[in-house]
Amino acid sequence: ALTDQQRQRLQEIREKNSEKMGELMEQMEERQRELYRLNQAPDPDYDAMRETTKAIGELQQQMAKERIEARKQMHEAVTDN
């Protein structure tokens, strides 16, 4: 069973991670809308499309790293490590 302190720490980690992920999701959604607009243009800017796609990939990587870090922090909160 978890102690009250462990439960509190887990909640703090979840809240912090949720805030970070929300910010990253907003950024990614904006980039996805930008890519959609670029794709719909009569004369597409392919360089801009490549850069936007790259930015989306970087945001996805950052989100994955945030999930890993949150998982690590949660593990440490409930173990002696």
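**Glu-66 and the overall build of the chain**

Glu-66 is buried, at a relative accessible area of 18% (buried is under 20%, exposed over 50% and partly exposed in between, with a 1.4 Å probe and protein chains only). The model is a predicted one, in which local features need pLDDT of at least 70 and side-chain atom pairs count only at pLDDT 80 or more, while totals for chains, interfaces and linings use all residues. Numbering starts from 1 along each chain as its sequence is written, and side-chain values use heavy atoms, with hydrogens and water left out.

Glu-66 sits in helix α2, which covers residues 46-78. Once neighbours within four places in sequence are set aside, Glu-66 touches Asn-17, Lys-20, Met-21 and Leu-24 (a contact means heavy atoms within 4.5 Å).

As for the chain as a whole, two helices and zero strands make up its secondary structure (DSSP runs numbered from the N terminus: H or I of at least four residues for helices, E of at least two for strands). The radius of gyration is 18 Å, well over the 12 Å that the globule rule gives for 81 residues, so the chain is more spread out than a compact globule. That radius is taken over C-alpha atoms, and the rule is 2.2 Å times the number of residues to the power 0.38. The C-alpha atoms fill a box of roughly 60 × 20 × 15 Å along the principal axes.

Of the 81 residues, 25% are buried. Among contacts with a separation of 6 or more, 69% come from residues 24 or more positions apart.
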